[in-house]
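Please keep the sequence and the model in view while reading.

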Amino acid sequence: MTSEPATYGLVLAGGLARRMGGGDKGLIRIGRETILERALDRIAPQCAGIVINANGDPARFAPFGLPVVADDVAGFAGPLAGILAGLDWLAANASAIGWLASVPGDCPFLPRDLVARLHAARTAAGVPLACARSGEWRHPVVGLWPVELRADLRRAVVAEGLRKIEVWTARHGVALAEWPAEPVDPFFNVNTPEDAAQAQRFAALEETLAV
């Protein structure tokens, strides 16, 4: 039984995937499952529910049986627009839940204790936001967001044109939840065909280690 507040999960699948030649990176198969299947297998048990942020035809995600919400900010505004869309969806559809945990849709090895550790980090630091770090790398998109800040986020994204996550989170205070980067970085993401090949090797190693 965990003590953290009920938290919804947001999978950010709205990237342009230019380095993969376009398409949905989450639908690339790593081992026996797609990246998105792997991500959902890890994040869903930690959350009260899951929503996918993706632009374009939502029917391509129909097999997952999850709500799909698109950005409502004009143009490709990046991950802050996806986080805002998730917060707006949560406020409209599950208003009793005050927290959203976001993860990229191209990370096949997410930690199974992600949500609990993000909450623990922001509680210990006395700040409203948290993000993940593995080794020396911060992962601003892997974060914890309170619904009560969504109006402020909308002002930043729409009125200011803000696009950098770390600029906005610095205004409110953000804690870091730490993970080791070895033997498999839990936030390794697939951006290129070479990354996909590396993820295949990591998946085989993960099976060996029974992670």
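## Aromatic pairs

In this predicted model, a search of the whole structure finds five aromatic pairs. In one of them, the ring centres of Phe188 and Phe202 lie 5.1 Å apart with their planes at 90 degrees, and because planes over 60 degrees apart count as edge-to-face, the pair falls in that class. The pair links distant parts of the chain, with Phe188 in the loop between S9 and helix H6 (193-209) and Phe202 in helix H6, 14 residues apart.

Phe188 has a relative accessibility of 16% and therefore counts as buried, the cut-off being under 20%. Phe202, with a relative accessible area of 16%, is buried too. Together with Phe109, Phe188 and Phe202 form one aromatic cluster.

## The loop between S9 and H6

The loop that holds Phe188 is also where Pro183 is found, between S9 and H6. The peptide bond that leads from Glu182 to Pro183 is cis, its omega being near 0 degrees.

## Helix H5 and its buried side

Helix H5 spans residues 165-172, and Ile165, Trp168 and Thr169 are buried in this helix. These residues cover an arc of only 95 degrees around the axis, so they lie on the same side of H5. This arrangement can be read against the geometry of an α-helix: with 3.6 residues a turn, residues three or four places apart point the same way.

The buried residues of H5 pack against elements from several parts of the chain, namely H2, strand S7 (129-134), strand S8 (137-146), H4 and strand S9 (174-179). Just after H5, Gly173 takes a positive phi of about 105 degrees.

## The crossing of H2 and H4

Two of the elements against which the buried residues of H5 pack, H2 and H4, also meet each other: the axes of helix H2 (residues 79-93) and helix H4 (residues 150-159) come within 10 Å and cross at roughly 145 degrees. The crossing of H2 and H4 is left-handed.

On the H2 side, the contact is made by Leu80, Ile83, Leu84, Leu87, Asp88 and Ala91, while H4 contributes Arg150, Leu153, Arg154 and Val157. Sorted by class, the contact of H2 with H4 comprises seven nonpolar and three charged residues, with no polar residues.

Terms used
Residues are numbered from 1 along each chain as its sequence is written. This is a predicted model: local features need pLDDT of at least 70, side-chain atom pairs count only at pLDDT 80 or more; totals for chains, interfaces and linings use all residues. Side-chain values use heavy atoms; hydrogens and water are left out. Axes are lines fitted to C-alpha atoms, for helices over the stretch in contact, and angles run from 0 to 180 degrees between N-to-C directions. Helices (H or I, at least four residues) and strands (E, at least two) are DSSP runs, numbered from the N terminus. A crossing is left-handed if the near helix is turned anticlockwise from the far one by less than a right angle, and right-handed if clockwise. Contact means heavy atoms within 4.5 Å. Ala, Val, Leu, Ile, Met, Phe, Trp, Tyr, Cys and Pro count as nonpolar, Asp, Glu, Lys and Arg as charged, and the others, Gly among them, as polar. Buried means under 20% relative accessible area, exposed over 50%, partly exposed in between (1.4 Å probe, protein chains only). The arc is that of the directions from the helix axis to the C-beta atoms. Rings of Phe, Tyr and Trp (its six-membered ring) pair if their centres lie within 6.5 Å; planes under 30 degrees apart count as stacked, over 60 as edge-to-face and the rest as tilted.
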